[in-house]
Amino acid sequence: MTDANIWIDLHNADLLDAAFELDHTWRTPNIIVRDEVLTVGRDLLVDLSLDVRTLSGDELNRILTLNGRYPQPSPKDLSVLVVADADNGIVVSGDGPLRAAAEAEEMTVHGVLWILDRLLEEPIITENRAATALNAMLQQGARLPDEPVENRLDEWRSS
């Protein structure tokens, strides 16, 4: 289950096509692509095979319950947790408060660095392309943890 910032970061790195080559089903709640993904068009993501999931009434109510427990992530962001939980999925997000809420709910959480790692493992992209992509994300304002970023860039540049 993904939030908007993952698609924005991958778009900024020119890796949208590559991400959809991974052996994963990418899913996001309809309110994320309807209201949140501003720099990446919904039609493009759907054409690439993003599964846009409509929330049920019970799931909308669960968002309100979670919002009482976790006021920092927006209700839209909390929709990612609700759908990931309902669909037995993982959360893929770079949003700090959303990641913290997912961890508090004992959900598996990954970010865009995990996607880059997976793209290299499968192997869909080269280390050089991964380094270029990561730098592009950072230049576009992606907020990623310094040490893991530096470790990956050092490793990918030395190969």
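Student: How far does α9 reach from its first C-alpha to its last?
Tutor: α9 has 13 residues; helices are DSSP runs of H or I with at least four residues, strands are runs of E with at least two, and both are numbered from the N terminus. The expected span of a helix is 1.5 Å times one less than its number of residues. For α9 the expected value is 18 Å, and the helix comes close to it, reaching 18 Å.

Student: What pLDDT do local features need in this model?
Tutor: Residues are numbered from 1 along each chain as its sequence is written, and side-chain values use heavy atoms, with hydrogens and water left out. The model is predicted: totals for chains, interfaces and linings use all residues, side-chain atom pairs count only at pLDDT 80 or more, and local features need pLDDT of at least 70.

Student: Which helices are included in what covers the buried residues of α9?
Tutor: Buried means under 20% relative accessible area, exposed over 50%, and partly exposed in between (1.4 Å probe, protein chains only). The buried residues of α9 are A130, A131, A133, L134, A136 and M137. Their cover, judged by contact (heavy atoms within 4.5 Å), includes α1, α8 and α10.

Student: At what angle do helix α6 and helix α7 pack?
Tutor: D77, L78, V80 and L81 of α6 meet L98, A101 and A102 of α7. For α6 (residues 75-86) and α7 (residues 96-104) the axes are 10 Å apart and the angle is about 35 degrees.

Student: Is V33 buried or exposed?
Tutor: V33 sits in helix α3 (residues 30-35). Apart from its neighbours within four places in sequence, V33 is in contact with T28, R42, L45, L50 and V52. Its relative accessible area is 5%, so V33 is buried.

Student: What phi does S49 have?
Tutor: Most residues other than glycine have a negative phi. S49 lies in the loop between α4 (42-47) and β2 (51-53), and it is exposed, with a relative accessible area of 54%. Although S49 is not a glycine, its phi is positive, about 100 degrees.

Student: Where does N88 lie?
Tutor: N88 is not a glycine, yet it has a positive phi of about 55 degrees. Its relative accessibility is 74%, so N88 counts as exposed. N88 is placed in the loop between α6 and β3 (91-92).

Conventions. Axes are lines fitted to C-alpha atoms, for helices over the stretch in contact, and angles run from 0 to 180 degrees between N-to-C directions.
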